[in-house]
Amino acid sequence: MNICIVCGARPNFIKVAPLIRDIKKSKDDTTSSCTVDMQLVYTGAENDPTLDKSLYADLEIPRPDTFLGVTATNLSDITGQVMQKFEVYLQQHPTDTVVVVDDLASTMAVAIVTKKHGIRLAHIAAGTRSFDINMPKEVNRLVIDGLSDILFTAGASNNSIANREGAELSKVYMVGNILMDNLRFIHDKLKKPAVIDELGLKGKDYFVFTLNRKALIANKENLKLMVKAIIDNASDTPVIAPLRGLAAEAVGSFLSEADKNTFHIVDPLPYLEFSWLTENAKAIITDSGNVAEEATFNHVPCITLNSYTENIETVKIGTNVLVGEDAQTLGTAVADAAVGKWKEGALPDRWDGRSADRMLRILEGEKA
């Protein structure tokens, strides 16, 4: 069976890495009956600066077999170019199943082309919704899930959404959160970032701040209020902010010389260093659902700068709280985290590091 796994951005590689490793392990096992042959495709460019050189080595996966080379930033351009180039790929590479992940415009484009060719489509992280149809990603999610033959969900709430929207029970599989497979896999390989020693820190004595959402970065007036709320309520707890590009530029423009004694913008970190940083943080402030999920796994308090989360289990069961984009609410949460006033969290069901194994068995035709 020929499987094509498609990634559209750096976080996608982290989510598919456990499945790639499981396929390789099964192929290398002489006692295994695994018949899967895999190709890894990246919709972006080979020299994409977000794909740091250490990423593949850290995840212990191969470089993509094919780079589609799409570098557009406009969502319609991305969709059109990926559809055109993935069409050519499928014409040149016999494929039985295409595996996509998350909710990017490129993911939707790949899903559409896959089904136009009558090829089986599997979606990792299915059933995630914001219930805001004005969000481009919400449209992508609806299209991808609607087209998918196999929906891999991370939790019971995602299962419920997929079933409520008409997906057949036989198509939906709660395999658990595949990000946790990676965290268990890399646990003994984490690397302490140099910034920890440079600032004289030991762990559990700093906040981590990450920022990626374009809408948050674009609203500079409100972002300035949010950054001020973090600094004013951190109780002199250092804030380490691995930021790139527009996020680093925007946040940096708000900081006074005095602020820089508390708020430290650093270059983006390699995967193993960033994972060490978040695992050993006192608390995390982020707009990333993936970072919030990892915080729940590591039992680290997490403040999410959004009014919803793709994985509500991080709020219901885990350590995550949602503060939206309100600076005052954010400040209160930061103040609570600074003094250790936080709820206890637990691991949601099936966050056990075996999600990729379940996926592979389903793809090969077994129930999991």
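The legends below describe close-up views of a predicted model. Local features are given at pLDDT of at least 70 and side-chain atom pairs at pLDDT 80 or more, while totals for chains, interfaces and linings use all residues. Numbering starts from 1 along each chain as its sequence is written, and side-chain values use heavy atoms, with hydrogens and water left out.

**View 1. An open sheet of seven strands with parallel pairing.**
The strand order is β3-β2-β1-β4-β5-β6-β7. The edge strands, β3 (66-67) and β7 (172-174), each pair on one side only. Strands (E, at least two residues) and helices (H or I, at least four) are DSSP runs, numbered from the N terminus. Two strands count as paired if DSSP finds at least two bridges between them. Strand β1 (residues 2-7) runs parallel to strand β2 (residues 37-42), and six bridges join them. Ile5 has Leu40 in β2 as its bridge partner.

β5 (120-124) is mostly covered, with four of its five residues buried. Buried means under 20% relative accessible area, exposed means over 50%, and partly exposed lies in between (1.4 Å probe, protein chains only). Strand β4 (residues 97-101) is parallel to β5 and joined to it by five bridges; Val98 stands opposite Leu121 in β5. Strand β6 (residues 150-153) also runs parallel to β5, here with three bridges. His123 has Leu151 in β6 as its bridge partner. Helix α4 (residues 105-116) forms a right-handed β-α-β unit with β4 and β5. A crossover is right-handed if, with the strands pointing away from the viewer, the path from the first strand over the helix to the second runs clockwise.

**View 2. Ala125 in the loop between β5 and α5 (136-147).**
Ala125 has a relative accessible area of 17% and is therefore buried. Leaving aside residues up to four places away in sequence, Ala125 touches Lys15, Asp102 and Phe152; contact means heavy atoms within 4.5 Å. The C-alpha atoms of Ala125 and Lys53 are separated by 26 Å, and these residues are 72 apart along the chain.

**View 3. Asp96 in the loop between α3 (75-92) and β4.**
Asp96 counts as partly exposed because its relative accessibility is 41%. Asp96 touches Met1, Asn2, Ile119 and Arg120, not counting residues up to four places away in sequence. Asp96 and Cys4 are 92 residues apart along the chain, with their C-alpha atoms separated by 8.0 Å.

**View 4. Helix α1 (residues 10-28) and its kink.**
α1 has 19 residues and reaches 27 Å from its first C-alpha to its last, close to the 27 Å expected at 1.5 Å a residue. The expected span is 1.5 Å times one less than the number of residues. At Val16, shortly before the proline Pro18, α1 has a kink of about 40°. The bend at a residue is the angle between axes fitted to the seven residues ending there and the seven starting there.

Cys7 is in no disulfide, and the nearest cysteine sulfur, that of Cys4, is 9.5 Å away; a disulfide is a pair of cysteine sulfur atoms within 2.5 Å. Cys7 is buried at 1% relative accessibility, and Cys302 is buried with a relative accessible area of 0%.

**View 5. Strand β9 (residues 239-242), covered on both faces.**
Val239 and Ala241 on one side of β9 and Ile240 and Pro242 on the other are all buried. Strand β8 (residues 207-209) pairs with β9 in the parallel sense over two bridges, and Phe207 stands opposite Val239. β9 also pairs in the parallel sense with strand β10 (residues 263-266), over four bridges. Ile240 has His264 in β10 as its bridge partner. β9, helix α11 (residues 245-254) and β10 make a right-handed β-α-β unit.

**View 6. Helix α16 (residues 355-363) and the glycine that follows.**
Seven of the nine residues of α16 are buried, so the helix is largely enclosed by the rest of the structure. The buried residues are Ser355, Ala356, Arg358, Met359, Leu360, Ile362 and Leu363. Gly365 follows α16 and has a positive phi, near 105°.
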